[in-house]
Amino acid sequence: MSNAGSTYIPIKEVKQDMHADDALSDFSAREITLNEVSKRVYVAGTGPAVIVMTEMPGISPHVARFARWVRDAGFTVYMPSLFGRDGVVVSAEEGAAVFQKACVSAEFRAFAGKGSSPVTLWLRALARLAHEESGGPGVGAIGMCFTGNFALSMMLEPSVLAPVVSQPSLPMDDPAGTGIEAADLQAVRQRLEAEDLTVLAYRFAGDAFCRAQRFAAFSEALGERFISKVLPDSAANQDTAPFFRRYVTTPHSVVTAHLIDEAGQPTVAARDEILAFFASRLKQA
């Protein structure tokens, strides 16, 4: 079985204010229609494609910063707008409203017993399009928080070769649930084994929204090809946005809101590991 890859990926460090709105002006905002559904997708960079799926409550400056790191590592980023206001540091109240709306949306299945979220069908179509446009051996995908398990569901699309699952939060009402239909998980496992692929997964030890039971369920379903990484709570940034300060009171967002952007930090090591994973799968000769 191939490992996750350990290639060093140089990152162009550009400091930005994470508490200020991000105009996203260095991305091309495209309206992309797939399966008769249109969504805005922010695209930037060159090289093989990576789908960056936002965490709750939307494409924040932290999410955009991570997308830029992916872009600067030599990939074409496709960052779909799935909920919330793009680039905005929202208030705690607005963030809560976005979360509540997503929970009852037909696109997302936030609670146990409802199977895979329908929006993953659209995301798989996006992966096919991104592969056609960007070339390379395939596509990478990372889901975070509300979208965390989507990267696994996207493995049903053959072009997706490098899935990363970061603090998957669905289903909200079952800590041991995967939020993916059993048949889909079995199909993903078969593909992982047949093609010698792996899944990277990240969470903080004390995350109240993504507990150890969920990773245990994924490990049972996918076997040793589900490679889980658990970071200590002490590695989490405490200087977060209003929504996180009020509603996300435990360490949660590994490569975005709770990342400490300093050399030697465990969250930066996780970021670099993810970028190396993408490179190992998508930049093969």
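The model is predicted, and its average pLDDT is 94. A search of the whole structure finds one cavity of 30 Å³ or more, and the largest pocket holds about 220 Å³ of space.

**Confidence of the model**

- A pLDDT of at least 70 is reached by 95% of the residues.
- Residues 2-8 have a pLDDT below 50, and this stretch makes 11 contacts in the model beyond its near neighbours in sequence.
- Where pLDDT is low, predicted coordinates should not be read in detail.

**The nonpolar core**

- The largest nonpolar core contains 93 residues.
- The members that touch the most other members of this core are I51, V52, M53, F66, I142, F146 and F278.

**The largest cavity**

- Rolling a probe the size of a water molecule over the atoms shows where empty space is left.
- By class, the cavity lining comprises 11 nonpolar residues, three polar residues and one charged residue.

**The largest pocket**

- The largest pocket is lined by 15 residues, and those closest to its centre are M56, F99, F209, F243 and V248.
- Two or more lining residues come from each of α2 (92-104) and α7.
- The largest share of the pocket lining, three residues, is supplied by α7.
- The pocket lining has 11 nonpolar, three polar and one charged residues.

**V188, a buried helix residue**

- V188 belongs to helix α5, which spans residues 182-194.
- V188 counts as buried because its relative accessibility is 2%, and the cut-off for buried is under 20%.
- Apart from residues up to four places away in sequence, V188 touches L152, M155, L156 and L222.
- V188 and A269 are separated by 81 residues in sequence, and their C-alpha atoms are 27 Å apart in space.

Definitions and conventions:
Residues are numbered from 1 along each chain as its sequence is written. This is a predicted model: local features need pLDDT of at least 70, side-chain atom pairs count only at pLDDT 80 or more; totals for chains, interfaces and linings use all residues. Side-chain values use heavy atoms; hydrogens and water are left out. A nonpolar core is a set of buried Ala, Val, Leu, Ile, Met, Phe, Trp, Tyr and Cys residues joined through side-chain atoms within 4.5 Å. Buried means under 20% relative accessible area, exposed over 50%, partly exposed in between (1.4 Å probe, protein chains only). On a 1 Å grid over the protein atoms alone, a cavity is a set of points where a 1.4 Å probe fits but cannot get out, and a pocket is an open set with protein on both sides within 12 Å along at least five of seven lines; lining residues have an atom within 4 Å of a point. Grid points are joined across faces, edges and corners, and a volume is the space filled by probe spheres set on the points. Ala, Val, Leu, Ile, Met, Phe, Trp, Tyr, Cys and Pro count as nonpolar, Asp, Glu, Lys and Arg as charged, and the others, Gly among them, as polar. pLDDT is the predictor's confidence in each residue, from 0 to 100. Contact means heavy atoms within 4.5 Å. Helices (H or I, at least four residues) and strands (E, at least two) are DSSP runs, numbered from the N terminus.
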